[in-house]
Amino acid sequence: MFLNGASVGFDTVNNKAVFIDQTLLPTEYREISTDNYEEIYDAIKFLKVRGAPAIGVFTAISLAVLMNKSKNHTYESLFTELKDYCKKLILCRPTAINLKWAAEEMIKIAEESNAENFKTNLTNQALKMIEDDIAICRKIGEYGAELLKNSNSILTHCNAGRLATVKYGTALAPVYVSKENGHNIKVFADETRPLLQGARLTAFELCDADIDTTVICDNMASFIMKNRLVDAVLVGCDRVALNGDTANKIGTSGLAILAKHYNIPFYVCMPFSTFDENIKTGDNIEIEMRDGNEIGEMWYEKLMIPKNAKTLNPAFDVTDHSLITAFITEKGVIKPIEIKEYI
Ligand code: MRU
């Protein structure tokens with residue numbers, strides 16, 4: 001095993017990008033090592049690697065791996081090849097800004113390089129992004145743990161845990177840090193249709209960490225809140241606009257509306273790499289639309305919907321900033337209207 005508790009990694013000895021194939025969890029844990037562009041594209045597109053921060057760091061690692069094995073020698077040809085990979089990879093998950101962010105960070109480094117140090121600089125940048133992600137999530141965990149010090153249980157959606165970052169996670173980091181501090185917080189995990197990141201991944205990693213975990217179907221959240229079974233809702237994010245509007249896994253905005261109704265705090269855990277200072281509001285966020293077969297076929301032995309029924313499969317929705325109590329970030333706990341002051 002190369003990863004040792006991380007979700008993605010860089011095997012610099014063999015020049016391979018390493019990831020856990022999350023589509024196999026919770027029944028099978030398999031690490032994949034690759035330097036193959038098609039396999040990398042496929043891993044991101046089909047959610048073998050998923051979660052905005054993990055996608056970003058994995059993109060950086062993959063770009064370094066691909067460029068390390070490049071046969072090009074001149075600066076111009078190396079730079080063109082890098083930009084070409086970035087262009088294609090950015091398209092495969094349009095909502096998660098971390099993918100674009102990571103590609104742009106790698107291009108910036110390439111712009112400051114020459115033919116001799118091009119590959120080493122990209123490798124070092126990818127390694128730095130791994131370390132930065134771990135440190136940032138740790139900070140989110142510490143600020144979140146402080147905020148939750150009087151809470152017994154939370155509700156979360158999708159998977160914004162260690163599998164969605166390099167380590168710790170964002171929305172689950174406060175739970176992990178609280179546990180280290182001797183404070184056990186119970187977690188209700190929405191199963192998160194259609195790809196079941198909550199049931200398969202959040203429950204897997206929390207149970208693995210010995211955290212009290214209850215999986216609920218998505219349509220049970222109102223029951224949980226009405227009966228005061230949770231003290232707060234914590235979710236991750238895929239892109240945050242200047243005004244604090246937040247794109248996250250489909251179903252998040254419904255939870256925020258319910259939380260407001262039941263007067264339960266709704267926190268978005270956000271590394272600043274997920275903040276998009278180029279867009280004013282959530283209306284400008286492109287929503288990834290995925291294949292409808294994920295709804296009626298993918299997880300079932302038999303077709304679950306009539307053959308001629310249509311499907312609509314938006315992967316994300318946008319939560320209005322007015323529904324968000326605060327962002328828990330590596331820079332502290334910040335109100336939506338103040339977020340742009342922290343860039
Ligand atoms: O489609 P996914 O599984 O990549 O969606 C993931 C989410 O929506 C997460 O909440 C988000 O990326 C934050 S992960 C720290």
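What is the relative accessible area of Asp-35?

Author: Asp-35 has a relative accessible area of 22%, so it is partly exposed. Buried means under 20%, exposed means over 50%, and partly exposed is in between, with a 1.4 Å probe and protein chains only. Before we go on, keep in mind that this is a predicted model, in which local features need pLDDT of at least 70 and side-chain atom pairs count only at pLDDT 80 or more, while totals for chains, interfaces and linings use all residues. Residues are numbered from 1 along each chain as its sequence is written, and side-chain values use heavy atoms, leaving out hydrogens and water.

Now look at the partners of Asp-35. With Lys-16, Asp-35 makes a salt bridge of 3.7 Å, N to O; the term means a side-chain nitrogen of Lys or Arg within 4 Å of a carboxyl oxygen of Asp or Glu. Asp-35 sits in the loop between strand 3 and helix 1 (37-45), and Lys-16 in strand 2, so this pair ties together parts that are 19 residues apart in sequence. Helices (H or I, at least four residues) and strands (E, at least two) are DSSP runs, numbered from the N terminus. Lys-16 has 24% relative accessibility and therefore counts as partly exposed.

Asp-35 also forms a salt bridge with Lys-69, where the closest N and O atoms are 3.9 Å apart. Here the link runs between distant parts of the chain, 34 residues apart: Lys-69 belongs to the loop between helix 2 and helix 3 (75-92), and Asp-35 to the loop between strand 3 and helix 1. At 39% relative accessibility, Lys-69 is partly exposed as well.

Pro-26 is joined to Leu-25 by a cis peptide bond, with omega about 10°.

Salt bridges with shared partners connect Arg-93, Glu-288, Arg-290 and Glu-294 in one network.

Ile-295 is in helix 10 (residues 293-296), and it counts as partly exposed because its relative accessibility is 21%. Leaving aside neighbours within four places in sequence, Ile-295 is in contact (heavy atoms within 4.5 Å) with Arg-193, Pro-194, Tyr-300, Thr-311, Leu-312 and Asn-313. Pro-194 is in the loop between strand 5 (186-190) and helix 7 (197-208).

For contrast, take another Asp. Asp-133, in helix 5 (residues 118-147), is buried yet has no salt bridge. The nearest side chain of opposite charge belongs to Lys-167, 10 Å away; Lys and Arg count as positive and Asp and Glu as negative, while His and the chain ends are not counted. Beyond its neighbours within four places in sequence, the contacts of Asp-133 are Pro-53, Val-57, Thr-165, Val-166 and Lys-167.
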